[in-house]
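Good morning. I will go through one structure today, a piece at a time. Please have the sequence and the model open.

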Amino acid sequence: MDVIEEGIGRLLTDPDPDNAREFFRKKSRKMVDKVMSLKDAIARFVHDGDYLAIGGFGAIRTPIAACHEIVRQGRKNMGFAGHTSTHDFEVLSAGEVFNRVDIAYIIGLEARGLSPCARRYMESGKVEITEWTNYSLAARLKAAAMGVPFVPTRNVLGTDTFHYSAGKVVKCPFTGKRLMLQPALYPDVSVIHVHEADIYGNSRIKGITISDLDLARATKRLIITTERLISNDEIRRDPSLTSIPFYLVDAVCEVRYGAYPGNMPYEYFSDEEHLQEWLKAERDPDAFKEFLKLNIYDCKDHAEYIELHGGIKRMNELRAKEFLIHKEVNND
Amino acid sequence: MTNYNVMEMMITVAARELEDGATVGVGTGAPCAAAMLAQKTGSPNLVIMFEAGGVSPLLPEMPISVGDSRTFYKAVMASGMCDIMETCCRGFVDYTFLGGAQIDMYGNLNSTRIGPDHQRPKVRFPGSGGANDFASFCWRMMVITPQDKRRFVEKVDFITTPGWLEGGDSRAKSGLPLGAGPYKIITNMGVMDFEPETKRMRVVSINPGYSFKDIQDNCGFELLKAPKMAETKPPTDKELSILRNEVDPYRYIIGR
C-alpha cells in the first residue's frame with residue numbers, strides 16, 4: 001500500500017502495537033482491591049507530560065470530579081484527546097493542563113455556546129494542535145483496542161481537516177479506492193465515569209457508550225470513577241452487563257455525582273444554570289480566577305463542590321429532571 | 001397570511017425534505033427541531049440517529065447535547081460513536097444536517113478557524129466534531145443557515161467538512177463514498193441545491209417577500225439559477241401549531 005498523501009499534523013502518540021504490547025505484558029492482571037480516593041488515584045496514575053483521554057461525551061457521563069482533581073493537583077504539559085470534549089475541556093483549559101491536543105471537537109459546549117476561557121487558551125499559541133474528527137478519534141481508539149497500528153476509514157478525505165491531521169491516504173489493495181488510515185491512539189492514562197463498579201474495577205455503563213469501550217481497552221492506565229460500588233457477586237450475577245473488565249483498570253474511586261454539573265444518564269440531568277455560571281464567569285479573566293479558586297482550588301473534593309451548589313436538594317432536583325418528573329409536577 | 005418567523009420557516013422547509021421511513025443523523029438546534037417536526041407531520045417513521053449512540057428515540061423535548069439522556073429516551077438502542085458512524089459509512093443513513101461559520105459555492109463548510117495561522121488562529125471554532133464524518137457518509141447533506149455575505153464566501157478559510165470540494169467530479173476522485181454529498185441549503189431567503197455537472201450552488205426556491213437579487217446580494221459568490229425557480233411554500237397553520245406547541249414549546253430554537 002503506497003502512501004498517496006500525508007497530513008502535516010504531528011502524531012502526538014506512538015501507534016506501534018508492539019510497544020503497547022510490551023506495556024500491557026507488564027500490567028498486573030491480579031484481581032485485587034483497587035479502591036482508593038480520587039486524590040490518590042490522580043496522584044499515582046496521572047503524571048505531568050502524560051497523554052490523557054477523558055471518557056463520556058463532554059458533559060454526559062464525563063468524570064468532571066477527576067478533571068477538577070487534575071487541575072487542583074496542577075498537572076501540566078499533558079497531551080489531550082479532544083473527542084467531543086466540552087465541559088471537561090473547559091475545566092482542563094482553565095488549569096492550562098495540556099500543551100498539545102488531538103482535536104475533534106473542543107471549545108464549544110454544543111447548544112450552550114463557546115467557552116471564552118478555552119477559546120483564549122487555544123488562540124494563545126501555547127497549545128500544539130493536530131486536527132481529526134469525532135469518528136477519526138473513535139476509530140484511532142478502536143485500532144489501539146484491536147492491537148493494530150491503524151484502521152482504514154472513508155471520512156476526512158479531500159479536506160483541510162485531513163491536511164492538518166497526522167493521517168495518511170493510501171490506495172486500497174483490493175479495490176483501488178483511496179482510504180484514510182487512522183493511526184492507533186494509545187493514551188497513557190484515561191478516566192471513565194461509570195454507573196457501577198466492584199472493588200476490582202469490573203464496571204457497568206448504562207445507556208450510550210460513546211467511545212468508552214474502545215478507550216478502556218486502548219489506554220495504558222485506567223482510572224474508573226463510579227457513582228456506586230457494588231459487590232463482585234452482583235457483577236457475577238449478570239456478566240452481560242459488564243462493559244469494562246477488572247484487568248484493564250488501575251484504580252476505582254467511588255465518586256457520587258462524579259459527572260456533575262454534567263448529565264449522568266438514569267441518575268441526574270445536567271445543571272444548566274451552573275454550566276451557564278461557568279460561561280459567564282469566564283468572560284472576565286480576573287473574575288474567573290476567583291471563580292476557579294472557589295469552585296476548584298479551595299474545594300477539598302467533589303463533595304464540597306456539590307455542597308457549594310445546592311447539595312442533596314439540588315441533586316434531587318436534577319434527578320427529577322433526568323426522569324422528566326419535573327414536567328409532571330409543573331403540569332407542563 | 002399567517003405570521004411566522006425566519007427560524008420557523010427554515011425548520012418547516014427542512015422538515016418537509018425528510019420523507020417517511022428515511023434515516024437522518026442530526027445535531028442539536030434547528031436540525032433536531034426539523035426532524036421532530038417531520039415525525040409529527042408527514043413522517044412518523046423517520047429514524048433519528050445521534051452520533052454519540054442514540055438510535056430512534058421518542059424525543060420528549062429538545063436535547064441540549066447530541067449525547068444527553070434525551071437522545072436515547074425510549075430509544076430502540078443506546079449504542080456508541082463507531083456504531084453510528086459505521087452505519088452511516090455502510091450507506092444506511094439518508095440525510096444529515098450540518099452548519100458552519102462559512103460555506104462556499106460547493107457546499108464546503110468551515111467550523112475550524114478564521115485566519116491563516118493554524119497553530120495560532122485569529123478565531124478558533126470547535127472543529128469538525130462529527131460533521132466531517134456525517135458529510136462524508138450520509139447520502140444527502142443539508143445546511144440550515146442565515147443568508148449572509150460573511151457566511152457565504154468565495155473561499156472558506158478552512159475546509160472542515162466536505163461539500164462537493166472543487167466541484168465537478170473532484171469529490172468522487174477524493175475517495176469519499178460515491179453518490180453522497182450536499183443536497184439542499186436552506187436559508188431565511190430561499191433554498192439552494194447544486195447544479196448536477198459543475199456542483200455549483202443554485203437557487204431553486206425563493207421565500208415569500210424575497211427576490212433572487214436579495215439572495216445574491218447576501219452571498220459572497222455568484223449563484224446559479226435553477227431552470228425553474230419556485231416560491232417556497234410558507235409554513236401552514238398546522239405545521240406552525242405543532243412546531244410551537246409540541247416541538248419547541250419553550251422557544252429555545254424558534255425564539256432565536
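Which way do Tyr95(B), Thr96(B), Phe97(B) and Leu98(B) point from strand 5 of chain B, and are they buried or exposed? Before the answer, a reminder that this is a predicted model. Tyr95(B) and Phe97(B) point one way, while Thr96(B) and Leu98(B) point the other way. All four are buried. As a general rule, side chains in a regular strand alternate between the two faces of the sheet.

Now the neighbours of that strand. Strand 5 of chain B, residues 95–98, runs parallel to strand 1 of chain B, residues 23–25, and two bridges join them. Val24(B) has Tyr95(B) as its bridge partner there. Strand 5 of chain B also pairs with strand 10, residues 140–144, again in the parallel sense, over four bridges. In that pairing, Tyr95(B) stands opposite Arg140(B).

Staying in chain B, look at Asn218(B). This residue is in the loop between helix 6 (212–217) and strand 14 (224–231) of chain B. Leaving aside residues up to four places away in sequence, Asn218(B) touches Gln147(B), Asp148(B), Lys149(B) and Met189(B). Thr161(B) is 57 residues from Asn218(B) along the chain, and their C-alpha atoms are separated by 22 Å.

Next, chain A. Here there is an open sheet of four strands, in the order 1-7-8-6, with antiparallel pairing. Its edge strands are strand 1 (3–6) and strand 6 (150–153), each of which pairs on one side only. On average, neighbouring strands of this sheet are turned by 30 degrees against each other, direction ignored. Strand 1 and strand 7 (residues 168–171) of chain A run antiparallel and are joined by three bridges. Glu5(A) stands opposite Val169(A) in strand 7 of chain A. Helix 6 of chain A packs on the sheet, where it touches strand 6 and strand 8. The direction of helix 6 makes about 140 degrees with that of strand 6 of chain A.

Last, the two chains together. How many residues of chain A are in contact with chain B? The count is 53 residues of chain A, in contact with 48 residues of chain B. Helix 6 of chain A gives the most to the side of chain A that touches chain B, with five residues. The residues of that side divide into 25 nonpolar, 15 polar and 13 charged.

That is the end of my part.

Notes: Residues are numbered from 1 along each chain as its sequence is written. Chains are lettered from A and ligands numbered from 1 in the order in which they are written. This is a predicted model: local features need pLDDT of at least 70, side-chain atom pairs count only at pLDDT 80 or more; totals for chains, interfaces and linings use all residues. Two residues are in contact if their C-beta atoms, placed from the backbone, lie within 7 Å. Ala, Val, Leu, Ile, Met, Phe, Trp, Tyr, Cys and Pro count as nonpolar, Asp, Glu, Lys and Arg as charged, and the others, Gly among them, as polar. Two strands pair if DSSP finds at least two bridges between them. Axes are lines fitted to C-alpha atoms, for helices over the stretch in contact, and angles run from 0 to 180 degrees between N-to-C directions. A residue is buried if 20 or more other C-beta atoms lie within 10 Å of its own, exposed if 12 or fewer, and partly exposed in between; C-beta atoms are placed from the backbone.
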